[in-house]
Amino acid sequence: MHEEMQNFLNAYLDRELRGTRLLEVKRHLAACKTCRETLKELRLVSELLKADAPPPFTPPERFAERVTLNLPRRPLHARPPKPGSLAWWLAPVLILGGWFFVRVVFLLSNWVTAADAIGLLGQNFWLEPRSQLFWLEMARNLFPGQIQETIGLVSWLGGWGLSLWQSLSLQVGIIALYWFWLALWWRMRGPRPMLPRTAPSNR
Amino acid sequence: MTQLQVEEIESTIIEQSQNGDRHAFGELVRRYYSGVVHVVYRLCGDAALAEDMAQETFLRAWIHLPSYHPQSPFRNWLYRIAVNATFDVLRKQKATELEEEEWQQIRDSSLSPEAIVLAREKAGRIQQAIVSLPEAARNVLVLREYGGLSYQEIAAVLDIPLGTVMSRLNYARNRLREMLQEEVKQQEPEYA
Ligand SMILES: [Zn+2]
């Protein structure tokens, strides 16, 4: 008992004991003079250490100045944005928005071309990739220079046989993949420190 | 200011520093320097070296700041870097001790005898006793007495089990009790 209790005197001194262990030690201290003596000496040692004045150091103000002057350029880690941050949501939304814009502009010009050429507005023709291509061909003939690029992109899409909704779900899928990758990266990065010995990531 | 407000300001400064704001990092240095340099001094027993080590600690902290997660106190994260940096240097020093001795002789010859005595006395008996402890026990003792960390925090900072913290602290305080017997006895009457 006495031997065992001696191991807990420091923890008792540091107020790190709880519950039954604390009661045990208190009870033993009340009964054992040797342990009371040891505890007193341990307390004196601790007080002695704390009372020992350190030498004068450079004042914080001057030290901080010196350190900030010597700070190296920090390698800018290619840090993907944090989940939930503005950039995290904005990047895919901007991609989707940009794509949608191009798509809508193209469709509108298609419509206008169609209405212009025939004088009537088709019902659902724009959902049909082949009719899209047809109007495209017409538009290409009508306005050669300006819309060459848009037309190139869209006829490429049409060449793949993608309808509007198919390519829309393709875009959404790509964005979902992007988010999935970011989330995965974030999880992998979290618990692992860059350099375990010198730069701990705290737990 | 409430504790909560203080913490809020602090986490803002840390975030700014993480984003590369040198001015904000300077503020962190001002706040934590005293604690860090004192802990490091107790580990190595040399004031000049302690300041160098404190600087090294903050430079490492600056570089690795993006990997800091605010779940645990910034102070503890710094102490971990400080302990590692200090022992990296102390081990290296040991390896080049012979060379160092030669340099020391050259340096000493330019000092007056009084200055040499003063320099040697600077680290008092208590500090000498601390430095004579084995590295593992010294870490725990210094973080407890001068870092003010709880056993749980020491275990986290040094990556050791709680039981090991207790046994190393027991060893350290008991060794010091033997080494500092005279000092302890001198203090005793005040409490009688
Ligand atoms: Zn006892």
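Predicted model: local features only at pLDDT ≥ 70, side-chain atom pairs only at ≥ 80, totals over all residues.
In chain A, residues 24 or more positions apart account for 55% of the contacts with a separation of 6 or more. Chain A has nine helices and zero strands, and its pattern along the sequence is accordingly written α-α-α-α-α-α-α-α-α. Of its 203 residues, 32% are buried.

Let me turn to the zinc ion. Which residues coordinate it? The ligands are His2(A) through ND1, His28(A) through NE2, and Cys32(A) and Cys35(A), each through SG. The distances run from 1.9 to 2.3 Å. Along the sequence, the donor residues follow the spacing H-x25-H-x3-C-x2-C. The angles between the four donor atoms range from 98 to 125°, and the arrangement is therefore tetrahedral, since all of them lie between 85 and 135 degrees.

I move now to the interface between the chains. Here 63 residues of chain B are in contact with 52 residues of chain A. The two chains bury about 5500 Å² between them, and 57% of that area is on carbon and sulfur atoms. There are also charged pairs to consider: eight salt bridges are found across this interface. A salt bridge also joins the side chains of Asp14(A) and Arg144(B), with a distance of 3.5 Å from N to O.

Next, the largest nonpolar core, which has 80 residues. Which of its members touch the most others? They are Leu49(A), Phe25(B), Phe58(B), Phe74(B) and Leu143(B). The element that gives the most to this core is helix H2 of chain B, residues 22-44, with 13 residues. Leu49(A) deserves a separate word. Setting aside residues up to four places away in sequence, Leu49(A) touches Ile126(B), Ile130(B), Leu141(B), Glu145(B), Tyr146(B), Leu176(B) and Leu180(B).

Finally, I would draw attention to a serine in chain B. Ser17(B) lies in helix H1 of that chain, which spans residues 3-18. Is Ser17(B) buried or exposed? Its relative accessible area is 0%, so Ser17(B) is buried. Apart from neighbours within four places in sequence, Ser17(B) is in contact with Arg74(A) from the other chain, and, within chain B, with Ala24(B), Phe25(B), Leu28(B), Trp62(B) and Leu65(B).

Terms used:
Residues numbered from 1 in each chain as written. Chains lettered and ligands numbered in written order. Heavy atoms only, no water. Donors = N, O, S within 2.8 Å, 3.2 Å for Na, K, Ca; no water. Tetrahedral: all angles 85-135°; square planar, octahedral: opposite > 155°, others 65-115°. Helix = DSSP H or I, 4+ residues; strand = E, 2+ residues; numbered from the N terminus. Buried < 20%, exposed > 50% of the residue type's maximum accessible area, 1.4 Å probe, protein only. Contact = heavy atoms within 4.5 Å. Core = buried A, V, L, I, M, F, W, Y, C linked by side-chain atoms within 4.5 Å. Buried area = accessible area lost by both parts, 1.4 Å probe. Salt bridge = Lys/Arg side-chain N within 4 Å of Asp/Glu carboxyl O.
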